[in-house]
Structures are given as structure tokens and as C-alpha cells.
Amino acid sequence: MSSSTRQYHITTFGCQMNKADSERMAGILDDMGMVWTDDPYQADVVLYNTCTIRDNAEQKVYSYLGRQAKRKQEKPDLTLIVAGCVAQQEGESLLRRVPELDLIMGPQHANRLQDLLEQVMDGSQVVATEAIDIMEDITKPRRDSEVTAWVNVIYGCNERCTYCVVPGVRGIEQSRTPEAIRAEMEELGRQGFKEVTLLGQNIDAYGRDLPGSTADGRHQNTFTDLLYFVHDVPGIERIRFATSHPRYFTERLIRACAERPKVCEHFHIPFQSGDNDVLKAMARGYTHEKYRRIIDTVRRYMPDAAISADAIVGFPGETEEQFQHTLDLVNDIAFDQLNTAAYSPRPGTPAALWANQLSEDVKADRLQRLNHLVAQKAAERSLRYQGRIEEVLVEATNPKNPAQVMGRTRGNRLTFFPGNLQTMKGQFVQVRITEARPFSLTGEVLKVSPTSELSRSVVTA
Ligand code: SAH
Ligand code: SF4
Ligand code: F3S
């Protein structure tokens, strides 16, 4: 490496959307001739791709920035970048807080990193947070995995959940065309990737903004149509998607998932609360009865489907009784995994201004009680894997045990078993499960093959 080669580091916070953006931004920096370093305190270009979904996510980045700002005093050629959702939310005010920053760029600008950096090289401090039409990807992402890949299908969110910053920071929905999505997947298939996760904040909204809408308000570019359109891409053996909004999770989509063997039977459908009045205050647009019907339908078509979700406790005004309704829902549905959070008031969201905020103590207590139930239910759910044969796609070495490799079942359970990554990476392994923990499994190898056996028969409900 010549002494003039600049080294970069990206630290990523937040959701899969941010991870996918970081991979594309890393691809751009590679293209510009820079090289990755694992150490953010060695790098010449440091990029924080930030998250502002809850206050603690936002605060994390400020401590890192403080340290880098100090470093810049000794190393004036350090380029300091804040990207992602905090950048979008705070914009110029970040410059007042951390004047050492060179570039502040919202998520819609991720694909423009080269252009923005060139403006920085010309000596400006740049703030790129205006709403734009997202540029179709022209760069090759630097993907973290060689086996599984993210593929964006829709950016932004048009919902207005009263607690949520996402619409404000990610902007309105912008769907990529089915052709662009398929082309990216075909390229991934050629490169040897085996699994793709299609991404959107509200993935079922896919296509609403594309041409092809019909007079009755229906459109032919729905997410279900997209699944049919990309299902046969050669080489891609597994398809996942996230996140689903209950309002749009149709039986047609469920049927497509059951019919199409590459679609893994794992669904991430956040419910947020089990109480109808809280759901209404959140402006979620469905009832807990509707949510339960969706899960019933999923399980009617795919009895063994894994279900995960997100939930918030301590939303403004939530009574103990209303919280009990969330516990009831979790008890009845028995999720395979649940991301739980205490409500965090966020700038620019309606619920943050309401007078009926709960104390941190009440929120923490409810969070703890919910987490306890979640672990208990996940442990029960996990037991069904005991002794079973599961197909696992091998991704990496077990970081805690170099004699083991790890991968995921179709239901998304992390699974460990003895093996060597060199021979097993990207292979589909039939694994007999010998030990089931709440959120992960251990097993033994029965058979290794480069393609999925796709043994699941089509269920017709
Ligand atoms: N689009 C997805 C969720 C995206 S945000 C959906 O609609 O379901 C990821 C999760 O963060 C949400 O599901 C919610 O559970 C949580 N979340 C969002 N805003 C929050 C807030 N203000 N406080 C606590 N949790 C929040
Ligand atoms: Fe936020 Fe609601 Fe949009 Fe999800 S659907 S990203 S919770 S506004
Ligand atoms: Fe966070 Fe932005 Fe994702 S706020 S959860 S990184 S959309």
C-alpha cells in the first residue's frame, strides 16, 4: 500500500437499511481507491452511519464523535462524516455541536458519497439533507457476507406512527423497479450468493409509487408480484424479506410465500402493542384481532412458520391493564423472537408532545416483565426443533468456538455445529438438532450440499 492510500472505517448503528447503506458507501470508497481498516482510530476517513430511532441510539454516536473531533486536532487531514438518520434529523445543528465535521449526509444521499466527498476535498463543509429522488445504485456494494445479501426494494415510509422518526428521516416511499431488483439479484446469484433479504421499512407498501396502478386503486406492482417476479433467479436459493406492516399483510402474499419454495417461512411483523386503544393512539391502523387473524392465516398455510415482531412498552398513557393486553398477545402467539423497547420520546413526533408520558421506572418495569415472558415463550418454541432435521445455510465460524460453523435455519434460528468454514461456507447442511436454547440451536451434520433440498411441500389452505 502506498503511503498516500487513504484508509477508511465505517461504524454502523441501527437497522438493516443502515447496514445495506453502509455496504454501498463502503463500495464507493473502495472504488475511489481507499482501503478498509478495522480500526476507526487509525483511519483517515471515518464515517458514522447513525440511527435515531430511540434516544440511546442517538447518544451513542456523540461520544464517538467527541473522540474523533479531538483526534482531528492532531490530524487535520482526517475526514469526519456523519451519515444516516441522526445526520438527517440534526442537519446543520450537528455542525454547531461538532464543528470538526466535514460532511453530514442523510440516508437518501448514501449513493452520492463520492460526489459529496469531492466537494469536501475542494475545501467545503457539506450538509446534504434535502429530499431527493434516490439515485439507482451504480456502485458495487462491499458486502459483509459472501453468502447472504441485502437488496433494497423500497426506501422511505409513508406511514405516520405517532412515535416514529423514520418518515421524517427516510422520506417518502420510493420503490425500485422490479427489473433493477431482479438484475441485482441475478448478479448476486452469479457471484455465488445463496440468500437474499429484500428490504423496506414497510415492505408491503412496495410498488404503490410505481406506474401500473389501475383505476380501482389496485396495482400490479405489489410486493407479492415482485416475489413472483424474482423467485426463479438462478443461484439464489433462499429469499427473506423485512419489515412487514400488519395493515398490508394480505392472504395473497401469504399464499405466495407458501407456494414459492425459496421464500423462507420466517416473517417479521411488528405489532407494537396488544391493546386497541394504544394501537389507535399510535396510529397503526389495525386492531389486535386483525393481527391475530394474520398470524392464524400464516400458520394455516405454513404451520411451522417462525414469527418475530417488535413491541413498544410504556407508550404515553399506557395503563397497566393495556400493558397486560400486550402480555396476553405475546402469550397467545408465542413469538420465536421479539424485539422489545421502552417508548422513547423523539423530536418532531406527535406522541413526544403529549402530557401523559410515563415514568422511566414504569417503562423499565414493564420492559423487564415483557422480556421475561418473551424468553420463556421463545424457549418453548425452540423445543420443537429438538431432534429434528433442519437445513442450515453456513455463513461463518462460530466466534466463540473455532471448531464450529454457524448459519441459519429457514426459520432464521441461529444454529451451530462442528465443521470447517473453508469447506462448508455457502453450503446447505442437513443438521440434526441436539440442543435447543431459546434463541439458538446446536446440532450434528448429516449431509452437505451446494444447493437447498427444498423438500418442503406446498401447503394449500
Ligand atoms: N417499519 C417498521 C419498524 C421500523 S422502526 C414497522 O412499522 O413495524 C423499528 C422498531 O423500533 C419499531 O418497530 C418500534 O418497535 C421501535 N420504535 C420506533 N420508534 C420508537 C420509539 N420512539 N420508542 C421506542 N421504540 C421505537
Ligand atoms: Fe415508523 Fe410506522 Fe413507518 Fe414503521 S410504519 S417506519 S413504525 S412510521
Ligand atoms: Fe434507525 Fe434510521 Fe433504521 S432511525 S432504525 S437507522 S431507519
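Is Asp 304 buried, partly exposed or exposed? Asp 304 is partly exposed, at 32% relative accessible area (buried is under 20%, exposed over 50%, partly exposed in between; 1.4 Å probe, protein chains only). The model is predicted, with local features needing pLDDT of at least 70 and side-chain atom pairs pLDDT 80 or more, while totals for chains, interfaces and linings use all residues. Side-chain values use heavy atoms, without hydrogens and water, and residues are numbered from 1 along each chain.

**View 1. Salt bridge between Arg 388 and Asp 304.** The closest N and O atoms are 2.7 Å apart (a salt bridge is a side-chain nitrogen of Lys or Arg within 4 Å of a carboxyl oxygen of Asp or Glu). Arg 388 lies between α13 and β15 and Asp 304 between α11 and β13, so the pair ties together parts 84 residues apart in sequence. Arg 388 is partly exposed, at 25%. Both residues belong to a salt-bridge network that also includes Asp 336, Arg 381, Arg 384, Glu 390 and Arg 413.

**View 2. Salt bridge between Asp 21 and Arg 24.** Here the closest N and O atoms are 3.0 Å apart. The two residues are three apart in helix α1 (residues 16–31), about one helical turn. Asp 21 is buried at 2% relative accessibility, and Arg 24 is buried at 4%.

**View 3. Surroundings of ligand 3.** The shell includes Cys 15, Asn 18, Arg 170 and Gln 201 (near means a heavy atom within 4 Å). Domain 1 (3–128) and domain 2 (148–383) both give residues to this shell, so ligand 3 lies between them; the domain bounds come from an automatic or database assignment.

Conventions
Chains lettered and ligands numbered in written order. Helix = DSSP H or I, 4+ residues; strand = E, 2+ residues; numbered from the N terminus.
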